[in-house]
Amino acid sequence: MWEKKLKIYDQLIDKCPRFERKGKTMPYTSANGYMFSLFNKNAEIGIRFSKEVQEAYIQKFDSSIYKSYGAVMKGYVLIPDSMLKNLDTLAKYLNESYDYVMSLDPK
């Protein structure tokens, strides 16, 4: 299950040429000094947004906050499995997340 979902995560990132996946044991994307997507040990994908967008997307996606290794990831939305069927749409959200972290002051 983990490997199958990791393959989907990689396919999603392949649709976004402005960045690439990092991490071997904990796959993630980062830019401008900030992580903005994460694939955890439970084979769950989380994408980071501003606080306001996070709250709106939790409702829109019928989802919840994202947790990784027992910690609540601030600003992240858990991507439900139902959204993994349309990677083109999901890539738009991932690109939105990239644009968000690029708008922050660099770390």
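User: Which residues does leucine 90 touch, not counting residues up to four places away in sequence?

Analyst: Leucine 90 touches Leu12, Ile47, Ile79, Met83 and Leu84, where contact means heavy atoms within 4.5 Å. This is a predicted model, in which local features need pLDDT of at least 70 and side-chain atom pairs count only at pLDDT 80 or more, while totals for chains, interfaces and linings use all residues. Residues are numbered from 1 along each chain as its sequence is written, and side-chain values use heavy atoms, with hydrogens and water left out.

User: Which residues touch the most other members of the largest nonpolar core?

Analyst: Ile79, Leu90 and Leu94 do, in a core of 29 residues. The term nonpolar core denotes buried Ala, Val, Leu, Ile, Met, Phe, Trp, Tyr and Cys residues joined through side-chain atoms within 4.5 Å. At least two residues of this core come from each of α1, β2, β3, α2, β5 and α3 (87-103). Helix α3 gives the most, with seven residues. Leu38, Tyr66, Met73 and Leu78 are among the five residues of a second, separate core.

User: Why is glutamine 54 called buried?

Analyst: Its relative accessible area is 10%. Buried means under 20%, exposed over 50% and partly exposed in between, with a 1.4 Å probe and protein chains only; glutamine 54 is therefore buried. This residue lies in helix α2 (residues 51-60); helices are DSSP runs of H or I with at least four residues, strands are runs of E with at least two, and both are numbered from the N terminus. Leaving aside neighbours within four places in sequence, glutamine 54 is in contact with Phe49, Ile65, Gly75, Tyr76 and Val77.

User: What puts the buried residues on the same side of α2?

Analyst: The buried residues of α2 are Gln54, Tyr57 and Ile58. They cover an arc of only 105° around the axis, so they stand on the same side of α2; the arc is taken from the directions from the helix axis to the C-beta atoms. An α-helix has 3.6 residues a turn, so residues three or four places apart point the same way. The buried residues of α2 pack against β4, β5 and α3, while the face turned away from them carries the exposed residues Glu52, Gln59 and Lys60.

User: What makes β1 and β4 edge strands?

Analyst: Five strands form an open, antiparallel sheet in the order β1-β2-β3-β5-β4. Two strands pair if DSSP finds at least two bridges between them. β1 and β4 (65-68) each have a single partner strand, so one side of each is left without a neighbour in the sheet. Four bridges join β1 to β2 (residues 34-39), which meets that requirement of at least two. In this pairing alanine 31 stands opposite tyrosine 34.

User: How is α1 placed on the sheet, and at what angle to β2?

Analyst: Helix α1 (residues 2-14) lies across β1, β2 and β3 (45-48), at about 140° to β2. Angles run from 0 to 180 degrees between N-to-C directions, with axes fitted to C-alpha atoms, for helices over the stretch in contact. Helix α2 packs on the sheet as well, touching β4 and β5 (71-79), and makes about 45° with β5.

User: Why is serine 30 buried rather than exposed?

Analyst: Serine 30 has a relative accessible area of 17%, so it counts as buried. This residue lies in strand β1 (residues 28-31). Not counting residues up to four places away in sequence, serine 30 touches Lys22, Met35 and Phe36.
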